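Open the model in your viewer and keep the sequence panel beside it. The stops below say what to select and what is there.

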Amino acid sequence: MLEITERRSILNCMQDIAELSKAPRKDDKDKYIGVYVFLITHKSMEATDSYKELKEDEKTMAKARFLGLKYDMQDITTYHILSNALKISDQPKYSQLITDRIAGQIEVKQALDEIVAPMDKSAQTKDIIQHLYPFHPYTAYLATFVSRAIGSAERSIFEFLNDENKGFKHFIQQDIDDVKYLTADKVWDFFVKAFSEDRTNNFDAIIYKFSMYSTKLEDTDVPELSAFKVILLLNLLNRVTQMDGADQEKSLVNPSKKNILHVLSGEWSSDAITRALDSIDEKQIVLKGPDEVYEVSSSAMPMEKIQAAKDKLYLKYEDVSSLLDEYIGYRNDITKAISNADGFNRITEFSLVWGSLSAISMESKLLKAFSKDYAAKIAIIVFRGDTPTYDKKSNRPEATLENQKNLIQALSQRETMKDIVFVIADTTLGQQRFEGVIEAKARETVAKDTKVEDPTPYEKRAMKWMEKWKTELLDGAATIIFHGERVNTSSFKSVSNSGVITSVGRIFTDGAEKLSKIANASTAWKTTYAKKTVEKVCYALSRSDIEAFGGQESAVINLLKDKNGNWIFDEKLDYIGTYDVNVPMTVLVKVIDDKIAELRNKTVVDIGSEFKFLTQPPYGYYNNYICMAAVALVFRRYIGKMYLADQGSLVSTTIMRDIVNAAFYNWLDQKADAKLRVRFSTVEEKELIDLIQSVFGVKGDGISETKWSLRSAFEKQYKSPLWALKYVVDKGSEFNSVVDELFKLANATGDSITQDDVSRLLEGLKKQKTTIALTLEKVQDSACINAFVDKCLATVNYKLDNYSNLMAFLKQNLSDAIVFWREEDVEKQVLLWCALQSKQPVNPPSNNGDSAEDDTDINPNNAGKSDVNSISGEEDDYEADDDLFESPDFEPIDIEPIAIGKTHATIEATTKLIYEKQFNDGEAKEILVKLCKEYPVVCSAVMKFLGEE
C-alpha cells in the first residue's frame, strides 16, 4: 500500500476511517460507530523499504493511523507447519529411523534435550520435534527464528518446504543413508538471498563474510563449509533474538562451539566438527572468542584503523609478560598460586619474564626487578608459543620451549642469579588467544579513538581471553629451575610444594623458618613493624612472660626451643643453648655475638650498617613478628653493655627496644636514627670510668657522661681547662702527659674516643692518680689557670696583680667556654694582650720543656699571632698611615692564608719570616702594609717596624 504513488490519498482515507472508530452514533450519542481497519502483514511498517523512502511528515501520518501489535510465529506453530509437510508412507520404518537417529544417537538426543529443557510441556514438545525427522531437532528449533528474521512472504518457511532446488523437496530426493539429517546449513542455503536483501536488520557483515569465504571452504573429511554456514546463521539469528528474545532463546542461538556441535550432531562426528571450527579460527575467517563463541563483528569502525592498531599491538605484546602486567588481577592469581602455599610464609618478590629473551636481557631484567634481599625471589617465565600469523608477519618466531629451558638452566648457575628460583609455565598463550587478545584490544583502541562504538565489549572480550590463559596456565604443567637443577611438575598450582619452598630454603639456610613450627605460623610472618612485640620481648622478666604471648605473637615461644623442643633460653631468658646449624636461634646468637666481638674495639658502631647482613641470605630477617622478636631476644642480652655514642647514655631496656625497632626501619626503609650509633663498653673502659669518677669525685653513666661531668665539675670549681693542672706544681713530663690525655678525653666527641686512647689514659692515670689528687688539693686560687698565665707573662717580663682585664680579653678572643681553651691558644692571646698594652718590644719566650706544644718563637712582632680558627672579623680596605698605628681597633677576625708575591702564608708564618730577617726592610715594610690592609689587628704587633711610616 505504501509503495504506490497514491499513498497520500490512501493515508487520508485511512484517517477518515480511523475517525469513524471514535465518531458517535446517530441513534445513540453515548456510543461510537466503531469502524476499524485490521491490516495483517509479515513485516512491520518500519521494516518496509517504502516506509524508509517516505518523507518525515508522511512517516508520522502513516504511524499515527495504526496501533501496532506484533505477533511472532510461535515454536509450536512452526513445528505444526513442518509436521504437516511430512507425508509418511512407511510408518514402521519411519518410527525405526526416529529411534535410531534421534533417540539412539546420543549427541542428537543431547541436542534435543538441550532445546526442550526450558519449555513448558517439554515431554510433549520433545515428541513433536522427534517426529519432524528428517529435520534435525536443532533445524526445527531454528526454523522459528528464521521466520522472525526474514518476515517475508516470498521467502517463508512454506517456500522452503516447497522449493525443489535448495529447499525441503530437494533434500528428500537424496538417499536417506547418504544424508541422514536436514541440518541448518541447508536452511542457510535457501534463505541467504532473503538475508542479503534485508535492509531492516544489520546483516551486511555476515553476508559479506559469506561472500568472501564460501568459495574457499568445502566439506571434505571435516565440515568446514557446513560449520561456516552454521556459524553465520547462528550469528544472524542471535542478533534477531538479542532485540526481543528470551534468555533461553538467546543462549540456544548463540554461535558457540557447543551449539554448533549440537546443530551438526549426527551428521558429523564431534571431532570432525571441532577440527573444522579450529581450521576456521586458524585461517582467521571467524575468530573464536574466549568463551568459544564464533562471533562475526558488524562493527562500523574502519577496518584499516583496526589493522593499524593491531600492527602496533603486535609489537607491544610480542613480549606476552606485558599482557599479564596489564591484567594485574590475573597476574596476582598466578603469583598467589605460589606464595599462598601452605608452609610458604616468607615475603616474596615476583618478576614475570618473557621466556624468549636472550640470557643477557633476561639477567639484566631480573637484576632490576628484585630489590629486597630478604624476599624469596621468584621469576615466572611465560611464553607466547606458536603464533604463525604473527611469526610470519614479524619473521621473529619464538625459540622452542625446550631450548629456552636449557638457556635458563645455564643462566641459573651464574653468581648473580644464585638466589632466584625460576618457574617456567609450560602453557603458552598460543595463536588463538594471542590473536583474540590483539583483535579485541585493537577494536577497543579504535572504538575509544573514533567514539563510533562502545569499547567496553571489546575490553571484556580481551579480558576473557586473558582469563582463559590464566586458568589453563595454572592447571597446566610447569618446570622449576634452581642452581642448574630442573624439576618438572604436572600442575603450576603445585610448584611450591614440588620444589619452590625447598629451593627458597636453600637460599635462606639460616632463616627463622628452618623450624617447622615457626615456618607454619603463617600469621606470625605477616609483614609489619612489630614494635609492640619487640617491646614485650625486651621487657620480659622471664620465659613465662613470652609463653603468655597470644594471637599472632604466640609462635614467638618456639624461638626459645631447639628442633627437639628443648629450651635454649632458661627461665630468666638467659641463653643456655649450644650452636646448632639446624636451630636458627642458635645461629643468630652466634653471628651477632661474633660480630659484636669483632666491633668491640671500634670507636663507634652503627647498628644499621654493621648488622644489615641479617636481612640478607642466608639469614633473611625482616619486619614481621617472628624475625623482629628473634633479633630482640638476642640483642636484649646486651642491655647495660653498650652506650649511645652521641648521648653517652647506657643502653637501658627502653633504649634497646628503640634500637631494635630503629634497626629494622633502617635496614628496610633506610631511615636514619641516632640511637643506632653505639659504643660497646670494654673492661678497660669500665675501669677508666670508675677511676676518673673516683679521682675527680664525679658521676656519670658511661664514658660520655663521665667526661661531661669531669669537664663541667672542673670548670665550675677551678674556672680553668684541665691542662692548667700542669702548672699548679711541676710534677714532670709523665704527669703532664696524663693531664693532657685527660683534657683530650674530656673534650673528645663520642666517635673519636678509641680503645687505644682508653688504654693509654688508664695506664697513665693508674700511676698518677695520687699525684693528681694531691695537686688538686694544692690549688689555692679557684682559677688555677692563673699559674699558666703568670708563666706566659714572665716570658715578656710582665706582671699582673689583677687578672680581670686579661681574662675578659681572653674570653672575647677565645670564643669557646674556658674548659675548651687550648694551651697554645691561651699563650698566644696572653702575649697579644701584652703587646697591645705597651708599645715597648716584647722579648720572645724561652723555649723550655714547660712551654706550649707549639715551639714557634714569639717576639714583639708576632705576639698577636693566632690559630686559623681563633679570631674572626671582617676585611677592611684602607691606606696605611700614622693614625692607624696610634689608635688600633681590636676586632676578632678570621685569619686565612693570603697571597704575598709568590708566597702563600699565614700571618704566623709571615711574621716569623720577618722576625728571622729573611726580608730586607723595604720588603718587610711592603709585606706588612699588605698585612695591615687585610688584618688590621696585626698593626699593633708590628708598630716597631713601621713606626716611621
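Select Val423 and then Ile480: Ile480, in β4, is the bridge partner of Val423. The model you are looking at is predicted. Another pair to pick out is Ala425 with its bridge partner in β4, Ala478.

Ile380 stands opposite Val423 of β3. Strands β2 and β3 run parallel and are joined by five bridges.

Stay on β3 and colour its residues by burial. Are the faces of β3 covered or open? Both faces are covered. On one side Ile420, Phe422 and Ile424 are buried, and on the other Val421, Val423 and Ala425 are buried. In count, that is six of six residues of β3.

In which order do they lie? The order is β1-β2-β3-β4-β5, an open sheet of five strands with mixed pairing. The edges are β1 (348-354) and β5 (485-489), each of which pairs on one side only. From one strand to the next, the twist averages 20 degrees.

**Helices on the sheet**

Within α19, select Arg331. Is Arg331 buried or exposed? Arg331 counts as buried because its relative accessibility is 15%, and the cut-off for buried is under 20%. Show the residues around Arg331: leaving out those up to four places away in sequence, Arg331 touches Leu324, Asp325, Phe350, Ser351 and Leu352.

Helix α25 lies across β2, β3, β4 and β5. Relative to β4, α25 runs at about 10 degrees.

Val230 is buried, with a relative accessible area of 1%. Setting aside neighbours within four places in sequence, the contacts of Val230 are Asp185, Ile260, Val263 and Leu264. Draw a distance between the C-alpha atoms of Val230 and Val187: the separation is 9.2 Å, for two residues 43 apart along the chain.

**Helix α15**

Select residues 257-264, helix α15. Why is α15 described as largely enclosed by the rest of the structure? Seven of its eight residues are buried, so the helix is largely enclosed. Step past the end of the helix to Gly266, which follows α15 and has a positive phi, near 90 degrees.

**Two crossing helices**

Select residues 733-746, helix α35, and residues 755-777, helix α36. Their axes come within 8 Å and cross at roughly 115 degrees. The crossing of α35 and α36 is left-handed.

Show side chains where the two helices meet. From α35, the contact uses Glu734, Phe735, Val738, Glu741, Leu742, Lys744 and Leu745. From α36, the residues include Asp757, Arg760, Leu761, Gly764, Leu765 and Lys767. Colour the contact by class: seven residues are nonpolar, four are polar and six are charged.

Zoom out to finish. How many helices and strands does the protein chain have? Its secondary structure comes to 43 helices and ten strands. Buried residues make up 51% of the 949 residues in the chain. Of the contacts with a separation of 6 or more, 69% are between residues 24 or more positions apart.

Key. Residues are numbered from 1 along each chain as its sequence is written. This is a predicted model: local features need pLDDT of at least 70, side-chain atom pairs count only at pLDDT 80 or more; totals for chains, interfaces and linings use all residues. Side-chain values use heavy atoms; hydrogens and water are left out. Two strands pair if DSSP finds at least two bridges between them. Helices (H or I, at least four residues) and strands (E, at least two) are DSSP runs, numbered from the N terminus. Axes are lines fitted to C-alpha atoms, for helices over the stretch in contact, and angles run from 0 to 180 degrees between N-to-C directions. Contact means heavy atoms within 4.5 Å. Buried means under 20% relative accessible area, exposed over 50%, partly exposed in between (1.4 Å probe, protein chains only). A crossing is left-handed if the near helix is turned anticlockwise from the far one by less than a right angle, and right-handed if clockwise. Ala, Val, Leu, Ile, Met, Phe, Trp, Tyr, Cys and Pro count as nonpolar, Asp, Glu, Lys and Arg as charged, and the others, Gly among them, as polar.
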